[in-house]
Amino acid sequence: MPTPDHRRLAARSLAVITGHQDPGGGYPAAPDYPVYGFSWLRDGSFIAEAASRAGAPGSATAFHTWCARAVTERAERVRRVVAARRAGERPAEGDFLPTRYTLDGQDPDVAGWGEFQTDGYGTWLWALTAHLERHRLDPAPYRSAVTLTVDYLAATWDLPCNDWWEESDEERHGSTLGAIHGGLAAAARAGLAEPAAVTPVLTALGHLVARHGTHEGRLTKWLGGEAVDASLLACLTPFSLTDPYGPLATRTVAAVERQLLEPGGGVHRYRGDVFYGGGQWPVLAGLLGWHHARTGRTAAARRQLDWIAAQATGDGLLPEQAPGARLLHPEHLARWVEEWGPNATPLLWSHAMYLILADALDIRP
Ligand code: BGC
């Protein structure tokens, strides 16, 4: 494999992100893919983190401002969710906050696509806090949105919901709990959230994962299960649900590498994944590499960075799944291509994880 020009691809990645950002602040997940024109909190928070690190802090601020407005406009919904949970009831479906928004901040009108996913709100708190601290920005404009988000997560964190992949809404997922932990802990540490609102949740969440979210000393895709999912890497880096050097982290990384990492680089989501046949995701290679970079495994981190770069089109665009990847379930590829066309390219989240990993390895645009 020729040595990739990482500075050039980093510059291209930043241009893709800022170039596609809506003037209102939202980031479309993939501007050219039929159903990815929305701005997801999960994707967007990592995209904003990349922009914040890579020299476009104004882009990140615009995204966070847009998120804060979206949340404060839904304050009544948050209050109803909190009140329902206090009364021991399940909140009305329409009161849960959306997982994706139209670029002008409305709830999307997508039938049959589960909106109740809490990880994005945890990830948003984490990315916002990191951005404010990195650039020493005034948190005041975000306080009411943060308070509402903390209240929302404190009321919903232990409910089953869709996972990072918008699947399995009857389960409680390790990576969702990791994101909630990461967001609440970051906001509390930065003085943005009241410890009294956050500490009991962090304690209960930690106990729940320790009791039901591990198998053979590693984290599991969902509570009470045994499967591995590469999104669990986020519980280590960046969300620090567990000591990144400790045995739980080490065994989780080892299981992901054994079950989901391809020898040449690139990481599958989980063994049963049939979406576009279940290929390898640059986003997940970025997550694995980021954890390696953080824990001093620089060569392993660099391998994932090189692998991601090798997935770019001639025009420097990164896809959702690697082209020509080894598929876990190749018999499922055709139906996705027939229904939706080739997989999403560019995917802004892929560019974001590439930029974050590059930054962790001291490579900047
Ligand atoms: C993925 C989600 C992602 C969304 C937008 C879905 O296919 O499963 O994780 O947020 O695409 O990129």
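By class, which residues make up the lining of the largest cavity? The lining has one nonpolar, four polar and three charged residues. In this count Ala, Val, Leu, Ile, Met, Phe, Trp, Tyr, Cys and Pro are nonpolar, Asp, Glu, Lys and Arg are charged, and the others, Gly among them, are polar.

Before going on, a word on the model: it is predicted, local features need pLDDT of at least 70, side-chain atom pairs count only at pLDDT 80 or more, and totals for chains, interfaces and linings use all residues. Residues are numbered from 1 along each chain as its sequence is written, and side-chain values use heavy atoms, with hydrogens and water left out.

**The cavity**

Rolling a probe the size of a water molecule over the atoms shows where empty space is left. Here a 1 Å grid is laid over the protein atoms alone; a cavity is a set of points where a 1.4 Å probe fits but cannot get out, a pocket is an open set with protein on both sides within 12 Å along at least five of seven lines, and lining residues have an atom within 4 Å of a point. Grid points are joined across faces, edges and corners, and a volume is the space filled by probe spheres set on the points. The whole structure holds one cavity of 30 Å³ or more, and the largest cavity has about 30 Å³ of space. Its lining residues include Asp163, His173, Lys221 and Asp229.

**The pocket and its ligand**

Helix 13 (333-340) and helix 2 (41-53) each supply at least two of the lining residues, and helix 13 gives the most, with three. Helices (H or I, at least four residues) and strands (E, at least two) are DSSP runs, numbered from the N terminus.

What takes up the space of the largest pocket? The ligand does, on the rule that more than half of a molecule's atoms lie within 2 Å of the grid points. Residues with a heavy atom within 4 Å count as near the ligand, and among them are Ala29, Asp43, Glu320 and Trp349. This shell divides into eight nonpolar, no polar and four charged residues.

Taken alone the ligand exposes 310 Å², and the protein buries 96% of that (Shrake-Rupley method, 1.4 Å probe).

**Backbone details**

Thr237 and Pro238 are joined by a cis peptide bond with omega of about 15°, and Pro238 sits in the loop between helix 9 (233-236) and helix 10 (247-260). Another cis peptide bond joins Thr345 and Pro346, with omega of about -5°; Pro346 is in the loop between helix 13 and helix 14 (348-360). Finally, Glu216 is not a glycine, although its phi is positive at about 50°. Glu216 belongs to the loop between strand 3 (214-215) and strand 4 (218-219).
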